[in-house]
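Colleague: Can you take me through the charged side chains in this one? I will ask as we go.

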Amino acid sequence: MTRKIAMMVSLVSLMLAQVATAQADFRFERVGVSLTGADGQFTRQAGAHPDFTFSIAVPSDPSPVIGGEPAPAGPTEAVHSVDLDLPPGFVGDPTGVATCDPVDLANPGNGGAQCPVASQLGIVHAITAGANLAEEHMVGIYNIAHGPDVPARFGFNVLGVVNIIDARVRPGDYGISSGSLALPQAEALVSADITFWGVPADPRHDAQRGGATEALRVPFLSAPTSCSSTPASFTARGDTWEHLGVFDTRALTTDIEGTPLAFEGCDRLAFAPSIDVLPLSKVADAPTGLTVDLKVPQSDDPDGLASAHVRKVVMTFPQGMSVSPSSAAGLGACAPAQIGLGTNDPPACPNSSKLGKVTIDTPLLDEPLIGDVILATQNDNPFRSLIAMYLAVKGPGFYVKLPGKVDLDPSTGQLTATFDNTPQLPFSRMRVEFPGGSNASLATPPRCGNYTTHVELTSWASSTPVSLDSPMTIDEGCAAKPFAPSFTAGSANPAAGQFSPFIFTLTRSDGMPYLQRVETSLPTGMLADIASVPQCAPAPANAGSCPAASRIGTVTALSGPGATPLSLTGGVYLTGPYNGAPFGLSIAVPTAGQAGPFDLGVVTVRAGIYVDRTDAHVTVKSDPLPTIIQGIPLRMRQIRLAIDRPKFFMNPTGCKQRSIFGSFGALGGATSDQKVAFEPVGCGDLDLREKFKFKLRGSKSTKDGTSPSLEASVAQSPGGTNLAKVEAKLPLALVLEPKNAQALCKPEQAAVYNCPKTSIVGQASARSVLPHELKGPVYFVEGRRKTKTGRTVATLPNLWIPLSGDGVTIDVRASSQVDSIDRLVTTFNALPDAPIKSFKLKINGGKHGILVVVGKSTCSRDMKFALRLTGQNGVVETQSAKPTIDGCKKAKAKTKKTKKKR
């Protein structure tokens with residue numbers, strides 16, 4: 001009791017002396033570290049299990065004087081905290097050592113710890129200031145039971161004063177730091193040599209332990225498993241109660257005797273990892289989860305060396321296994337501020353960004369580390385890459401957050417995942433699990449077979465990677481599916497002659513070759529009012545940025561395998577000439593905001609709109625469809641176009657059943673030609689609404705033997721059936737005189753669209769659904785026909801009128817013959833099923849006019865034109881029209897209609 005009272009008095013006196021003599025800045029008098037092998041000599045062997053000693057001493061005043069009286073010797077300031085950063089890779093494994101209850105460490109009232117011998121990890125040689133003399137203490141360091149927020153805790157008891165050393169994992173380099181961050185202020189610590197044993201149960205420590213132990217002889221400390229000529233650094237820092245926060249920080253790169261702490265002998269370290277990479281699905285061309293199981297055997301031989309730590313993992317998946325677009329729906333991403341790399345802050349990533357689970361077994365902890373695989377924000381990640389991941393796991397009091405880059409082959413989509421500069425911490429197993437299901441992150445190869453994932457693992461001990469191959473087998477759903485996509489097309493409202501949205505849908509199933517080419521031919525009469533829509537210019541059409549005014553419809557694309565492919569919606573825009581076609585389409589699908597957190601830009605497909613010159617039917621030919629974008633195979637499942645601009649797309653006016661043809665190509669060359677029946681309804685309710693006018697022009701057009709010019713015009717009111725055939729019987733006073741023509745075009749010349757200019761006998765123009773008027777010459781073509789016996793005989797010449805404009809040419813042909821009373825009959829057969837806003841025809845008169853007046857003056861004769869009109873729906877109407885004639889008394893032209901026939 002007397003001794004304790006004296007000690008208390010001396011401590012009080014010491015504190016007063018410290019206040020009186022406190023320095024402006026605190027400095028350790030001595031700081032050092034040393035590593036000792038089993039032979040008692042200094043060791044720099046990488047992966048060894050050395051005894052580690054950390055030594056500190058604080059300045060002391062051997063003869064302090066307070067109030068003119070001598071005071072007890074002691075330190076000038078009381079140490080508040082001492083902390084030591086071990087170099088990355090220098091680790092301790094307390095799991096193989098028994099623990100001491102904190103109550104037994106304190107052992108109140110008994111002056112020292114009463115911990116189990118098996119829990120001792122080392123020894124402390126401490127010198128404290130006593131009442132008159134410095135006192136020397138040799139006490140044990142023990143492994144202390146700790147809570148869930150501390151990875152390891154150690155402690156020692158000096159004269160009833162408990163000192164706690166907490167271990168923690170530093171964010172950033174994931175090295176271990178240990179220290180006492182609040183030493184008792186009453187402890188007059190002069191110096192301390194704190195030694196942790198590399199193998200605590202080794203018998204060579206029995207003398208310091210005070211006896212033998214029955215604990216297993218397992219390693220506790222392990223030196224780093226990386227070697228460098230640059231010495232490792234142990235960083236010590238400390239402050240005092242008198243100067244809180246004023247730290248003396250020392251970077252220690254040599255031991256106490258000045259030997260550089262550069263570890264060597266890495267070539268002696270074992271590194272024998274194994275890996276299994278297995279898809280959850282064995283079905284070809286299907287969404288799949290994935291399990292990656294990496295094992296790294298760890299040595300627990302106390303006389304051997306630790307296994308090398310993993311530094312880098314490069315995993316190249318087999319070609320054909322790729323990112324699944326189906327996974328993007330509902331997917332989120334984690335921003336840098338949310339993951340908080342380099343901090344111990346809990347990740348604040350959204351749940352939608354979590355791709356899978358990760359479990360890490362480490363010999364340093366009793367429980368595995370459990371966390372998440374998290375998708376990083378596109379381009380806003382440490383690699384500025386399209387795809388990056390974070391492995392984020394929680395440990396006791398720390399987080400490990402590892403960024404990993406994912407490279408995608410832009411041509412094949414092959415995936416390579418790389419995690420580099422991983423923490424220098426040992427683990428025996430790491431298991432990463434990506435869940436399966438329709439929205440799984442990955443997709444299996446499109447064909448069955450044996451595949452291999454190639455993995456290269458590099459340790460911190462060597463720059464030479466260990467190459468491993470993990471086989472996988474895809475052996476379900478192997479039956480080859482022919483390329484036969486489902487094809488539907490047609491008007492939403494098939495009413496004849498009416499405006500209606502046009503719907504086109506093309507669907508392929510999983511396992512079928514991927515879509516690459518689309519060509520569709522519409523039946524004659526399925527047209528669009530091109531003139532009503534402003535055309536998108538080439539630059540924005542190619543970029544997918546056409547104005548809204550050019551929009552004529554919507555497109556929906558389904559991308560990805562499985563039951564829930566990703567749905568993307570975009571616009572269909574009318575463009576000007578493209579790829580040799582008079583018009584085109586720009587089909588633009590923006591991915592931003594539709595493909596989860598990804599923005600792959602605007603996916604744009606161009607197509608040409610071709611118009612047949614014979615019957616004006618339309619064919620749409622697409623450019624090759626994209627099959628991969630920025631390394632992500634689209635695995636396109638469906639394309640659906642709806643041309644739904646109001647009053648744009650129109651149905652035929654004919655009644656007969658027609659077909660919509662589709663010709664589709666697959667990646668690899670397979671083709672599929674299909675057709676869909678389409679039959680307009682209600683066409684019988686449409687009537688003919690054409691009005692004809694005729695004029696004979698020329699100062700001598702009324703006289704016998706003269707050749708007047710003939711002008712005919714047609715105007716059509718909306719809402720009726722389009723013309724299919726026009727038969728016009730000229731008055732008897734007009735006859736055909738082919739000899740007047742300069743030349744006749746031969747049929748073989750007309751067949752290749754190469755009639756001579758000398759065969760032109762007139763001009764024609766028409767307005768329909770195109771922006772501009774179609775114009776063209778009227779060619780006089782030699783008539784021929786074959787008899788039943790095979791002979792070729794001459795007939796009256798025919799007319800060929802190639803009407804051109806807006807890049808479109810439509811051939812209009814008319815035959816000539818005479819009826820039973822010698823009237824000239826001109827018949828326009830097979831007219832396109834297209835509305836005629838106006839049509840004008842002029843047959844030249846004069847010297848080379850092919851129409852000649854015969855007989856008395858035309859002014860006094862019956863000059864009616866007899867017309868027989870046939871609609872596309874089969875309705876027939878006869879009309880008679882009296883022309884206006886130059887040189888005759890002006891009379892209003894009249895058209896007389898007869899009752900319609902069907």
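Modeller: A word on terms before we start: buried means under 20% relative accessible area, exposed over 50%, and partly exposed in between, with a 1.4 Å probe and protein chains only. This is a predicted model, in which local features need pLDDT of at least 70, side-chain atom pairs count only at pLDDT 80 or more, and totals for chains, interfaces and linings use all residues. Residues are numbered from 1 along each chain as its sequence is written, and side-chain values use heavy atoms, with hydrogens and water left out.

Colleague: Fine. How many salt bridges does a search of the whole structure find?

Modeller: The search finds 34. A salt bridge here is a side-chain nitrogen of Lys or Arg within 4 Å of a carboxyl oxygen of Asp or Glu.

Colleague: Which residue does Glu433 pair with?

Modeller: Glu433 bridges to Arg431, with 3.4 Å between the closest N and O atoms. Arg431 is partly exposed at 27% relative accessible area, and Glu433 is also partly exposed, at 31%.

Colleague: And Asp202, buried or exposed?

Modeller: Asp202 is buried, at 10% relative accessible area. Its salt bridge partner is Arg204, the closest N and O atoms being 3.6 Å apart. Arg204 counts as partly exposed, at 34%.

Colleague: What does Asp886 meet in a salt bridge?

Modeller: Arg697, at 3.6 Å from N to O. Asp886 sits in the loop between strand S60 (884-885) and strand S61 (894-897), while Arg697 belongs to strand S47 (residues 690-697), so the pair ties together parts 189 residues apart in sequence. Strands (E, at least two residues) are DSSP runs, numbered from the N terminus. Asp886 is partly exposed at 30%, and so is Arg697 at 32%.

Colleague: Which residues are linked in a network of salt bridges?

Modeller: Asp83, Asp85, Arg168, Arg170, Asp173 and Arg237 form such a network.

Colleague: Changing topic: which residues form the positive surface patch?

Modeller: Lys691, Lys693, Lys695, Arg767, Lys837 and Lys840. Patch residues have over 30% relative accessible area and no salt bridge, and like charges are joined within 9 Å. Lys and Arg count as positive, and the place of a charge is NZ of Lys or CZ of Arg. Areas come from the Shrake-Rupley method with a 1.4 Å probe.

Colleague: Where does the largest share of the patch come from?

Modeller: From S47, with three residues. Lys695 lies in that strand and counts as partly exposed, at 34% relative accessibility.

Definitions and conventions:
Helices (H or I, at least four residues) and strands (E, at least two) are DSSP runs, numbered from the N terminus. Patches are made of residues with over 30% relative accessible area and no salt bridge: like charges are joined within 9 Å, nonpolar side chains (Val, Leu, Ile, Met, Phe, Trp, Tyr) within 5 Å.
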